Amino acid sequence: MTVTVTAPAWRLRPATPADVGPVAELRAVVLRADLTRLGRYDAGRVRQRLRDGFVAGHTWVIEVGGEFAGCVALRPEADGDARCLEHFYLDPWLQGGGIGTAVLRELLARCDRDAVRVRLNVLSGSPARRLYERHGFTLESEDAVDVFLVREPGPPPVHPDASRRSSMQKTLS
């Protein structure tokens, strides 16, 4: 017997400045274990760093069942040929259920269509690194705290019916 597990229904909505508080709180929860392990957890600092770097125009809120469940930002880098994936946090109760993978897949498809590379950093030893590596990210550099990963753009995603449409168009021509 095969059991198929699907991620709960989710959606992305543009963030607003009012989202900074819930996002900062979620960041403190999500990063606490890794930052504590690295000897770097400071409750005030972890929230303030998010507040200092939050740009609603580059951020989306992840909602599940109409409720706040996480966030992700995709900020253009200064050189314009890359995006920085940051502030990707998902409520711990929803982690491991496929939502993060689905959100990441959607964002990377957008970047592939635009032919831009994506950079990000994760904390050293974070299990999130495996998620990113499964999606084509490779090591760019690392230090004692941060691991910097990069992903080159892939071919634009193909619609599942594209090859069938293409052969049908040839037949109709």
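Leaving aside neighbours within four places in sequence, His58 is in contact (heavy atoms within 4.5 Å) with Val72, Ala73, Leu74, Arg75 and Pro76. The model is predicted: local features need pLDDT of at least 70, side-chain atom pairs count only at pLDDT 80 or more, and totals for chains, interfaces and linings use all residues. Residues are numbered from 1 along each chain as its sequence is written, and side-chain values use heavy atoms, with hydrogens and water left out.

**The chain as a whole**

- The chain has 5 helices and 7 strands; these are DSSP runs, with helices being H or I of at least four residues and strands E of at least two, numbered from the N terminus.
- Along the sequence, the elements follow the pattern β-α-α-β-β-β-α-β-α-β-β-α.
- Of the 173 residues, 38% count as buried, where buried means under 20% relative accessible area, exposed means over 50%, and partly exposed lies in between (1.4 Å probe, protein chains only).
- The chain exposes about 10300 Å², and carbon and sulfur atoms supply 53% of that area; accessible areas come from the Shrake-Rupley method with a 1.4 Å probe, and for residues only the protein chains shown count as cover.
- Among contacts with a separation of 6 or more, 59% are between residues 24 or more positions apart.

- The open sheet of 7 strands has the order 1-2-3-4-5-7-6, with mixed pairing; two strands pair if DSSP finds at least two bridges between them.
- Strand 1 (10-14) and strand 6 (138-142) are at the edges with a single partner strand each, so one side of each has no neighbour in the sheet.
- From one strand to the next, the twist averages 30°; axes are lines fitted to C-alpha atoms, for helices over the stretch in contact, and angles run from 0 to 180 degrees between N-to-C directions.

- Strand 2 (residues 59-64) pairs with strand 3 (residues 67-76) in the antiparallel sense over 6 bridges, and Val61 is opposite Cys71 in strand 3.
- The hairpin of strand 2 and strand 3 has 2 residues between the strands, and Gly65 there takes a positive phi near 60°.
- Strand 3 also pairs in the antiparallel sense with strand 4 (residues 82-90), over 6 bridges; Pro76 has Arg83 of strand 4 as its bridge partner.
- In the hairpin of strand 3 and strand 4, 5 residues lie between the strands, and Gly80 in the turn has a positive phi of about 80°.
- Strand 4 and strand 5 (residues 117-123) run parallel and are joined by 3 bridges; Cys84 has Arg119 in strand 5 as its bridge partner.

**His58**

- His58 lies in the loop between helix 2 (43-53) and strand 2.
- His58 is partly exposed, with a relative accessible area of 26%.
- His58 and Thr16 are 42 residues apart along the chain, and their C-alpha atoms are separated by 9.9 Å.

**Arg151**

- Arg151 is found in strand 7 (residues 146-151) and is buried, at 11% relative accessible area.
- The side chains of Arg151 and Asp112 are joined by a polar contact of 2.8 Å; the term covers a pair of N or O atoms within 3.5 Å, where within protein one must be able to donate a hydrogen and the other to accept it, and residues adjacent in sequence count only if both atoms are side-chain atoms.
- Not counting residues up to four places away in sequence, Arg151 touches Leu108, Asp112, Arg117, Val118, His135, Gly136 and Phe137.

**Cysteines**

- Cys84 is buried, with a relative accessible area of 11%, and Cys111 is buried at 2%.
- A search of the whole structure finds 0 disulfides, a disulfide being a pair of cysteine sulfur atoms within 2.5 Å.
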